[in-house]
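These are my notebook entries on one chain.

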Amino acid sequence: FAKCYERYAAQIRAYNALVFDDNKILSELIQMKVEALFKKYGLEFQVDRMNSLAQLEACDKTYQLAFMDIVLPEQDGIRITRKWKNSGRFDEVVFVSAHDDKVFASFDTNPLYFVRKTNLDEDLEQAIISYKRKISATQVIVQEGAKYHVWDVNEIEYLASRNHYIDVYMKNGNKPLIRGKLDDIEKILQDYNFVRVQVSYLVNLKYVESVKSHTVYMKNGEAFRISPKYREKIAQRMAAGW
């Protein structure tokens, strides 16, 4: 099983990363170093590079990891990060700055790491190591016959069963279909904030907007009626703050 884990964990889907710095030469250098580190640590990322707020606002991508400068001519990177994190467009952010005094000001955005431009190589590598450790803690392996699927639980919005198959609705719009029982998947995901709302639906509480009148409203606009069988358990989760 350990060998299967290593093999399939290396096949996790490619993510999007962003390097944002108004200095074009420096942003190219950071992109080059980041791409080399992704390769070194077995992380598959498509790395974009931007130098202006206009480029960012014209982009419709979601970035799992962003490397953000802080002191910028248009708007500081902390404010940009706060806005894009709140909208769900940034998952994790690494600040890259020559201004060490900005460390404390960045804390309310919950950054993954603070990279000093004066110590770029060492700090970037530690940031990538921190990211890999964090996502490894949210990866699960689901067996389907002789095959294994490796999923990041934070990327799953909900799962829906039909007959002997399960549709896995991912944040990026993908919808893998696997053969299996939702009861078995629920056991695997029970420690990752997933809750059953119907016999055929298992939802990730991370993507729940609200619960009203025995209905779960998802952030993507979908809504699921809560079956009587599961109402008490969901009420208990709500009372505990999920």
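**Entry 1: the antiparallel sheet.** I began with S13 and strand S14 (residues 215-218), which pair in the antiparallel sense over 4 bridges. I took two strands as paired if DSSP finds at least two bridges between them. Strands are DSSP runs (E, at least two residues) and helices are DSSP runs too (H or I, at least four residues), numbered from the N terminus. Within this pair, I found Ser210 to have Tyr217 in S14 as its bridge partner.

I then looked up the whole sheet: it is open, has 3 strands in the order S13-S14-S15, and is antiparallel in its pairing. Strand S13 (208-212) and strand S15 (223-225) are the edges; each has a single partner strand, so one side of each is left without a neighbour in the sheet. On average, neighbouring strands of this sheet are turned by 20° against each other, direction ignored. For such angles, axes are lines fitted to C-alpha atoms, for helices over the stretch in contact, and the values run from 0 to 180 degrees between N-to-C directions.

**Entry 2: basis of the values.** I noted that the model is predicted: local features need pLDDT of at least 70, side-chain atom pairs count only at pLDDT 80 or more, and totals for chains, interfaces and linings use all residues. Residues are numbered from 1 along each chain as its sequence is written, and side-chain values use heavy atoms, with hydrogens and water left out.

**Entry 3: the chain as a whole.** I recorded 7 helices and 15 strands. The C-alpha trace spans about 55 × 45 × 30 Å along its principal axes. Of the 242 residues, 44% count as buried, where buried means under 20% relative accessible area, exposed over 50%, and partly exposed in between (1.4 Å probe, protein chains only). Of the contacts with a separation of 6 or more, 53% are between residues 24 or more positions apart; a contact means heavy atoms within 4.5 Å.

**Entry 4: the parallel sheet.** I next examined an open sheet of 5 strands, ordered S2-S1-S3-S4-S5 and parallel in its pairing. S2 and strand S5 (113-116) stand at its edges with a single partner strand each, so one side of each lacks a neighbour in the sheet. From one strand to the next, the twist averages 20°.

How enclosed is strand S1? I found that 5 of its 6 residues (15-20) are buried, so S1 is largely enclosed by the rest of the structure. S1 is joined to strand S2 (residues 45-50) by 6 bridges, with Tyr15 partnered by Phe45 in S2. To strand S3 (residues 63-68), S1 is joined by 4 bridges, and Phe20 stands opposite Met68 in S3.

S1, helix H2 (residues 24-40) and S2 make a right-handed β-α-β unit; with the strands pointing away from the viewer, the path from the first strand over the helix to the second runs clockwise. H2 lies across S1, S2, S3 and S4, at about 170° to S2. H5 also packs on the sheet, touching S2, S3, S4 and S5, and its direction makes about 165° with that of S5.

**Entry 5: nonpolar cores.** I looked up the largest nonpolar core, which has 25 residues; those with the most contacts inside it are Phe38, Phe45, Leu65, Phe67 and Val94. Such a core is a set of buried Ala, Val, Leu, Ile, Met, Phe, Trp, Tyr and Cys residues joined through side-chain atoms within 4.5 Å. Two or more residues each come from S1, H2, S2, S3, strand S4 (90-97) and helix H5 (120-136). H5 gives the most, with 7 residues. Apart from this core lies another of 18 residues, among them Met50, Tyr63, Val93 and Phe95.

Not counting residues up to four places away in sequence, Phe38 touches Ala17, Leu43, Phe45, Val47, Leu65, Phe67 and Ile128.

**Entry 6: Asp48.** Is Asp48 buried or exposed? Asp48, in strand S2, counts as buried at 16% relative accessibility. Beyond four places in sequence, Asp48 touches Ala17, Leu18, Val19, Lys61 and Tyr63.

**Entry 7: helix H6.** I listed the buried residues of helix H6 (residues 182-189) as Leu182, Ile185 and Leu189. They cover an arc of only 60° around the axis (taken from the directions from the helix axis to the C-beta atoms), which puts them on the same side of H6.
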